[in-house]
Amino acid sequence: MRARTGRRQEPGARQHPPDDPRQRRLLRLKRAVGSACALVLAPVLVMVVGEWLSPDADDSSVETPGPSPSRSAGPDFDVLPRLMDEPGCTAFADALTSPEDRAELSTQPDVGAVIKRNNGVRAAELNVGVTLQGGDRALTIESIDIEPQTPRPTAPLNGSLICEPTSGGVPKIELHADMDAVKPTFRSKDSGGAPYFRDNAITLTPHEQVPLHVTFTARRGYRAFELVIHYTIAGRHGKRVVPAPEGSRWAVTALNKTYGSVYDGTLGGPFQFSGDADQCGRAPKPVGC
C-alpha cells in the first residue's frame, strides 16, 4: 500500500482558507490583531530607524542632563565669628549629672565637648570676635542688628555652672550690647553711650579684614537672639544672618543665686565639684541675691 502524502506548498503560494468555520474565524482574528499591531508600532519603528540612520547618532553617546543653574561667584563679604578665649562661666538648663560629663570635667582642662553636648550658655557675658572679610567689591556695613527671640529676658539658667579662666586678644572695634534692654543695640565707649550705628558705618574695601569684639551682657535673665548685618553694595541693599560661633549659639544668661551643681576650674587644670551652691559671691551680682 502506498502512503498518503500531503500536498507540498510552494514558497510564495497563496494559502487557501481552511474548510472548518471555526478555523476561518480564528484566522480572521489573527489577521485583525496583526494589522492593529502594525498600525501601532509603525510610528515607533519609523522614529527608531530614523534616529539610527541620523548622521548625528552615536551608539556610544549617553544622555546627560541640561546645564545646572548658574551659581553666584560668591558672597559679597564673609563673616567669621568665634568665641573669645576670656575668663568666664557657662551655665546649663539642667544639672550635669551623667558619668561622661563628670569624667571629662574631672580629667580634662578643655570642656568644649561638655558645653556643646549640654547646650551651655555663657553666663553674665558673651564675648565674641567677629571678623568682616571684604569681597571683590567695596561695600558699607550700615548696621548690625540684634533680634531677640523673646520680648524680655526669661528666668536665668540654673541647672549647672562651670567657670574657666583663660585669656584673649585685642580687637580693632569694641561693641557692647545690653541684652536686658527691650531692644538691645550695639554701643561703644567712643560713641558716648549712643547706638554705634546711628552715626557710624563700617566700610570694607576689597579683601579688607575688619575685626570686631562684641560683648553681650545679661544681668536679669536668659536671652536668645539672632545677629543680622545690613549692608549696601553698589547701591543695592542686602542682609546677612550671622551664624553662631562653632560649638556655641547666640544666647546669654544672667548668673543665678543657686545651681544644681557647680564646677570650678584653674588655668590648664581640670574642674572640681564645688559643694557651695550659693553663688552670691560672684560678680556681677547673680539674680536672687
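Student: Which ring does the charged end of arginine 102 sit over, and how far from its centre?
Tutor: The charged end of arginine 102 sits over the ring of phenylalanine 273, 5.8 Å from its centre; a charge counts as sitting over a ring if NZ of Lys or CZ of Arg is within 6 Å of the ring centre and within 35 degrees of the ring normal. This is a predicted model, in which local features need pLDDT of at least 70 and side-chain atom pairs count only at pLDDT 80 or more, while totals for chains, interfaces and linings use all residues. Residues are numbered from 1 along each chain as its sequence is written, and side-chain values use heavy atoms, with hydrogens and water left out.

Student: And arginine 240, which ring face does that one lie over?
Tutor: Arginine 240 lies over the face of phenylalanine 77, at 4.5 Å from the ring centre. Phenylalanine 77 also forms an aromatic pair with tyrosine 231, with 4.8 Å centre to centre and 85° between the planes, which makes the pair edge-to-face. For such pairs, rings of Phe, Tyr and Trp (its six-membered ring) must have their centres within 6.5 Å, and planes under 30 degrees apart count as stacked, over 60 as edge-to-face and the rest as tilted.

Student: Which parts of the chain does that pair tie together?
Tutor: Phenylalanine 77 lies in strand S1 and tyrosine 231 in strand S10 (residues 223-233), so the pair ties together parts that are 154 residues apart in sequence. Helices (H or I, at least four residues) and strands (E, at least two) are DSSP runs, numbered from the N terminus.

Student: Is phenylalanine 77 buried or exposed?
Tutor: Phenylalanine 77 counts as buried, because its relative accessibility is 1%, and tyrosine 231 is buried as well, with a relative accessible area of 6%. Buried means under 20% relative accessible area, exposed over 50%, and partly exposed in between (1.4 Å probe, protein chains only).

Student: How many aromatic pairs are there by this rule?
Tutor: The count comes to 7 aromatic pairs, and ring pairs link Phe186, Phe216, Phe225 and Trp250 into a cluster.

Student: Changing topic: what order do the strands of the open sheet come in?
Tutor: The open sheet has 4 strands in the order S1-S4-S9-S7, with mixed pairing, where two strands pair if DSSP finds at least two bridges between them. Strand S1 (77-83) and strand S7 (173-178) are the edge strands, each pairing on one side only. Neighbouring strands of this sheet are turned by 25° against each other on average, direction ignored; the axes are lines fitted to C-alpha atoms, for helices over the stretch in contact, and angles run from 0 to 180 degrees between N-to-C directions.

Student: Is threonine 217 buried or exposed?
Tutor: Threonine 217, whose place is in strand S9 (residues 209-217), is buried, with a relative accessible area of 6%. Leaving aside neighbours within four places in sequence, threonine 217 is in contact (heavy atoms within 4.5 Å) with several residues, including Ala124, Glu125 and His176.

Student: What about lysine 183, buried or exposed?
Tutor: Lysine 183 is exposed, with a relative accessible area of 74%, and is found in the loop between S7 and helix H4 (196-199).

Student: And strand S13, which strands do bridges join it to?
Tutor: Strand S6 (residues 160-164) is joined to S13 by 4 bridges and the two run parallel, with cysteine 163 opposite aspartate 264; 4 bridges also join S13 to strand S14 (residues 271-274), and these run antiparallel. Strand S13 (residues 261-265) is largely enclosed by the rest of the structure, because 4 of its 5 residues are buried.

Student: Last one: what pLDDT does the protein average?
Tutor: The protein averages a pLDDT of 77, and 70% of the residues score at least 70; pLDDT is the predictor's confidence in each residue, from 0 to 100. Over residues 51-74 the pLDDT is below 50, and beyond near neighbours in sequence this stretch has 2 contacts in the model. Where pLDDT is low, the predicted coordinates should not be read in detail.
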